[in-house]
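Hello,

Please find the structure below, with the sequence alongside. Notes on a few sites follow.

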Amino acid sequence: MPGKIRHLSQALLIMAVFCAPLAARTLYLAPGGDDSAPFADGAVFASIFRALDSLAAGDTLIVRKGTYRGGLIATLQGTAEKPILIRGEGAATVLDSSRNKLDALRLDHSSYVTVENMSFLHGNRAGLCLINCNHITVTGCRMGDNGKWGILTGFVDDFRAEGNECWGSRDEHGIYHSNSGDRFVIRGNYIHDNSGNGIHLNGDPEMGGDGVMNFGLVENNIITRNGNAGGAGINMTHVHDMLVRNNLIWNNFAGGFTVYQDNGGDEQSSQRVLITGNTVWFRSNDRNVVNIAATSRKVVVAGNILVAASRSATLQVDSDHLSTILSDWNVHWSADTTTLVSVKDRSEKLSAWVRATGNDTHSKIADPLFVRPDSGNFNLEAASPALDAGVPRDSLRAMLVRLEGCEWMLAQLDSLPEEDIRGTWRPVGAGPDAGAYEMGFSDSQRFDLDGNGLIGRADTPALVRLIGRDPADRRCDFNADGRVDILDALDFLLALAAR
C-alpha cells in the first residue's frame with residue numbers, strides 16, 4: 001500500500017508539472033542565431049521559421065536588426081491574458097521577399113498577436129497577410145514595395161493598424177481590410193505611392209460571412225500619391241458604422257472618399273458612415289473628392305475641407321436615399337466653383353444643392369489658405385476661412401440623431417477625445433477648425449517653445465529638445481508630414497520668417 005501511494009504521488013506530481021501554465025519566455029531572432037537551440041527562455045534562433053514555431057501564449061520574440069528571408073505561414077495562439085508579442089528593432093529589422101511566392105509573413109487562424117517595429121518588403125503579394133484571425137495589432141511597421149498590398153486582412157475581427165508606413169504596392173492597395181472584419185482601428189498610418197487605394201475597406205459579400213465591415217474607426221492617417229491605377233484615398237464598400245475623421249488625403253491620383261456597393265443584397269449596402277474633420281486636396285485630378293454611390297445611405301459629411309481640381313466636384317451624391325445624406329460645416333473649394341456638387345451625374349452650384357436639400361447651410365465656398373500644400377504643409381494660414389469653421393460637437397451629434405440608428409457612432413463621439421490629426425485639442429479658438437488641423441491658437445502658444453514670452457530664432461533649440469525628448473509629439477510636426485524630426489526645425493524657421 002505505501003508503494004502504491006508513493007507511485008500515485010509521483011504520478012500526481014508529474015501531472016502537475018505538465019499541466020501547470022508555462023512561464024512567459026523572451027526569445028530572440030538574430031543573425032548568427034542557432035535554429036537547433038531548444039525552445040527555452042533566452043533562446044536565439046537564426047530563421048523566422050524556427051523563431052515563430054517556438055512561440056506560445058504569453059511569449060515575446062525580439063527580432064534583432066538584420067534581413068531575414070520571408071515566406072512563412074504561421075499560426076500563433078495568444079490569449080487576452082497572455083498575448084504574443086513580436087517586436088523588431090526598427091526599420092533595419094527586415095523580413096524580405098516570400099520564398100513561398102505569397103507574402104513576406106502570413107498569420108493564419110491566429111489570435112492576440114502584436115507585431116511591431118519591423119519592415120516587410122518585397123513580398124510577392126502582401127508584406128503582412130492576416131487570414132481568419134482575431135485581435136491582431138500591427139504598429140510601427142513598414143510595408144514597402146510589395147506585389148499587391150502592404151497589409152492584407154481577410155476575416156479578421158478586432159484588427160488594429162497604428163503608426164505604420166505602407167508604400168509601393170505595385171498592383172493594389174496600401175492597407176486592404178476585407179472579408180467581414182469587424183471592430184477595427186486604422187489610425188496614424190502614413191500611406192503613399194500605392195497603385196490602388198490608400199485604404200480599402202471591403203466587406204466582400206461574395207466571399208462568405210455577413211459580407212459587411214462593421215464598427216470601424218479610421219483616423220489621423222496621411223494618405224498621398226496613391227491611385228495611379230485607380231482607387232480612392234479611403235475606399236469603403238459594404239461597410240456599416242464607420243467613423244472616418246482627421247485624415248489628410250492629398251495629391252492622390254484618383255478620388256478622396258468613396259462610399260459604395262458593388263455586389264450583394266440591400267442589407268450589404270454601405271450605411272451609417274460619418275466623414276468628419278478631414279482635409280482632402282487635389283492639385284490636378286478629374287475625380288470627385290467625396291463620392292456617395294447609389295445604394296449608400298445615412299452618410300454624414302461634416303467639418304471637412306474639400307478641395308477639388310477644376311471641373312471636379314467636392315461632393316458627388318448619386319444615392320437613391322438622398323434624404324439620408326447630410327452635409328454641413330464644410331469648406332468647399334475648386335478653381336471652378338460652379339461644379340462643386342454633382343447629383344446623379346448632374347453638376348450644380350453649391351447654392352442649388354443647399355436650396356434643394358437644406359444641406360451645407362453653414363458651409364463655405366472659399367480657398368482654405370493652406371501654408372504650403374504643394375509640399376504637404378496643410379496647416380492653415382492666419383487668415384484662413386477654415387479657422388473656427390468646423391462642425392461643433394453638439395451639431396454633429398444632432399445630425400446623427402436625426403438619421404436614427406447611429407448609436408455606435410454617437411457612443412464613439414462621447415468616448416473619443418475631441419482632437420485633430422496631431423492630437424491638438426479641439427476647439428482651441430472660438431470653434432473647431434474645419435479640416436484635419438486645429439490651428440486656433442495664438443502665436444505665443446505655437447512659437448514660444450522655451451516659454452520666455454518672446455518669439456524668435458532662440459526658440460529653435462527648444463523645438464530640437466522637444467523633438468529629442470518625445471519624437472511622437474505631433475505638436476512639433478511643423479511641416480505636417482506625419483513625422484516629427486529635425487526637418488520640422490527648418491519649417492519652424494521658415495514659419496517664423498513668414499510672420
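S296 is buried in this predicted model, because its relative accessible area is 0% and the cut-off for buried is under 20%. The residue sits in the loop that links β27 (290-292) to β28 (297-302). Its side chain reaches the backbone oxygen of V259 at 2.8 Å. Leaving out residues up to four places away in sequence, S296 touches V259, Y260, S270, S319, H321 and I325.

Next, the nonpolar cores. The largest of them has 73 residues, and L52, I86, F120 and M236 have the most contacts inside it. Strand β11 (residues 126-139) supplies the largest share of this core, with 5 residues. Another core lies apart from it and has 18 residues, including V300, V391, L400 and L413.

I86, one of the residues with the most contacts inside the largest core, is in contact with L52, L55, L61, V63, L76, V113, T114, V115, E116 and M118, once its neighbours within four places in sequence are set aside.

On the surface, V464, I486 and L487 form a nonpolar patch, and together they have about 260 Å² of accessible area. V464 belongs to helix α7 (residues 459-469). V464 is partly exposed, with a relative accessible area of 36%, whereas S296 is buried at 0%.

Regards

Technical notes: Residues numbered from 1 in each chain as written. Predicted model: local features only at pLDDT ≥ 70, side-chain atom pairs only at ≥ 80, totals over all residues. Heavy atoms only, no water. Patch = residues over 30% accessible without salt bridge, like charges linked within 9 Å, V, L, I, M, F, W, Y side chains within 5 Å. Areas by Shrake-Rupley, 256 points an atom, 1.4 Å probe, with all protein chains shown as cover. Salt bridge = Lys/Arg side-chain N within 4 Å of Asp/Glu carboxyl O. Helix = DSSP H or I, 4+ residues; strand = E, 2+ residues; numbered from the N terminus. Buried < 20%, exposed > 50% of the residue type's maximum accessible area, 1.4 Å probe, protein only. Polar contact = N/O pair within 3.5 Å; in protein donor to acceptor, adjacent residues only side chain to side chain. Contact = heavy atoms within 4.5 Å. Core = buried A, V, L, I, M, F, W, Y, C linked by side-chain atoms within 4.5 Å.
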